[in-house]
Amino acid sequence: MIEIIKSANVFILTLFVFLFSGLPIFRLFQIKDWLFSRVLADYFHLRGRKYILNKKDFLVLLIIFTYFIFSKLFFQAFYTFGFIFLNFADFFSLFEFNPFNLLIFLSIFPLIFLKRNLLRTVKLTPKALMLFSMFFFLNFLFIYLAYNFYDFNYFFVFYLFLLISYTQIFLFSLALSLFDLMVSPYLFYLRKKVKNKLKNLNIKKIVIVGSYGKSTTKEFLNHLLKDKKVFSLPPRLNHEYVILKYLLKNSLQDFEYLVLELGSYFLGNIRWICKGIIPDFVFITGITKQHYFLFGENIKNIIYGEGIEAVIEMEKGKVFINTNHDYFGVLKEELEKIVKNKEIEIITYGKKGDYSYEILFPYEEKTVFKLIAKGEEHILETNLIYPPQIENLVGAISFILEEKILSLEEINEKIKNLKMPQGFFKKIKYKNLTIFDDSYNANLRGVLEGIKFLEKSNFEKKVVIFNGILELGKEMKVVYENLAKEFLKFDFVLFTDKEEYKFFRKILKEKAVFIENQKDLDRFLNNLKEKSGIFIFNRFPSHIKLNLENEENSLY
């Protein structure tokens, strides 16, 4: 019975630790796809350090410092609190509560109330539940071991150290490592099952990789191949576990094409899954410094990790490479080393290459462009208006022409009415505002393209809403300084992060506007009376959204 009561006490102490400092760390890891490298990358971002070294940590460190220097103050505080305790001593003794345990117990309820919004954001997936259990157990175990020491001083200081974010990051990373170790045999098993399943099917496998443009290219391929039997995952589902499970639970028997996009956050990520899904065709849509920190701040690592790894397991087939990025020369050189002595053909597309294009007439609702397909010129028309999308469309067209699936006349008809899923680049017209929503675009190349697009547009006022670029590592300050100079071309630049606002304001001055909450955004939009163009980069924080329909926040 005593052991049960002791365990209950330790459970309460552990719950307090989790709510106080473990929950924010747990949610941060979940947002970052459970990758320590992505959490670490945030530390080098302007907004990142507040997650890891915050006011709570400073408070705990101050308490530890005060405890060692002015220990009598603590004993006096516990003595005073003890008067309350003594009034209920008989009752609390049943639970082995001492004044400290009682204080923690009473603090849990207001803490749950304060953390209610953060608790609501946690997604209860099977993986999240397993990681929570392991994370909570590790905290419980360490507190239980410390609790068994009779020296309260030792336990008190140890407990305070558990409340620091860095300690919780260490413990969660330990839980994550144990989890990865446990599930890795299962992932290998799933990959083998997928490999065996695909081996017995007459299905052509198309894998799309790169730093940007993957989802768009996939959607264009799906559209152009819609008269064929095509199997494709929903947009932006590109994690290896999700892909493997999805392929195993669905029948692929009668499909002609399998179209997959693969994301990567570390070297070996894409190669691992391509050992189970050996591609017949690979698209490398372009390389940029997105996730620069995650690949050791080495561009050649990104070229391999987000591109070439998809080709390594191939013995024959075709690789389609976008030429319109800064690292095409290095990419092609490295790729030629890999495909040497293999039956693999390299096809290039973009502003130059085997399939190149030139935008002739960019209208408000459509684009007329010239396609040069292996030396032959053709005039095509599409309802797309954003140049980066035309680039990805040409990539998809190059595949269709290479495989002789459709004629140019058939292609031209199909691309006149392209429909993109929710979350892709979208033009919204509302009152006097034209909003270009590219909020799922979080890479540097996309931001630069968006700047060019807005600069050429015809508006009385031009506004950028910038929600930041993550995982640039030490390159961030240089990148942001260069972006600030580009943003000077516009009338206003809105920021939703205070640290980023402070950084950009040094260069942008009065053009920089801080949007702290929904009312700030609504008020700003309401005050724009001129014909205005607004370009949105990256997603808004959860407490802010583009609210155009709510009568309370009407733009009138």
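**Reading a pocket and its helices**

Q: How many residues of the lining of the second largest pocket are nonpolar, polar and charged?

A: Ala, Val, Leu, Ile, Met, Phe, Trp, Tyr, Cys and Pro count as nonpolar, Asp, Glu, Lys and Arg as charged, and the others, Gly among them, as polar. Here the lining of the second largest pocket comprises 18 nonpolar, eight polar and 14 charged residues. This is a predicted model, in which local features need pLDDT of at least 70 and side-chain atom pairs pLDDT 80 or more, while totals for chains, interfaces and linings use all residues. Residues are numbered from 1 along each chain as its sequence is written, and side-chain values use heavy atoms, without hydrogens and water.

Q: What volume does the second largest pocket have?

A: A pocket is an open set of points on a 1 Å grid over the protein atoms alone, where a 1.4 Å probe fits, with protein on both sides within 12 Å along at least five of seven lines; lining residues have an atom within 4 Å of a point. Its volume, the space filled by probe spheres set on the points, which are joined across faces, edges and corners, is about 1,200 Å³ for the second largest pocket. Of its 40 lining residues, P387, E449, K452, F453 and K456 are the closest to its centre.

Q: Which element gives the most to the lining of the second largest pocket?

A: Helices (H or I, at least four residues) and strands (E, at least two) are DSSP runs, numbered from the N terminus. Helix α19 gives the most, with seven residues. At least two lining residues each come from β7 (355-362), α17 (387-402), β10 (426-430), β11 (433-438), α19 (444-456) and α20 (476-487).

Q: Which residues of α19 are buried?

A: Buried means under 20% relative accessible area (1.4 Å probe, protein chains only). In α19 these are L444, R445, G446, V447, E449, G450, I451, F453 and L454. They pack, with contact meaning heavy atoms within 4.5 Å, against α17, β11, β12 (461-466), α20 and β15 (532-537). Over the whole protein chain, 53% of the 556 residues are buried.

Q: Why does Q389 count as buried?

A: Q389 lies in helix α17 and counts as buried because its relative accessibility is 6%. Leaving aside residues up to four places away in sequence, Q389 touches T216, F220, L384, M420 and F425.

Methods
Buried means under 20% relative accessible area, exposed over 50%, partly exposed in between (1.4 Å probe, protein chains only).
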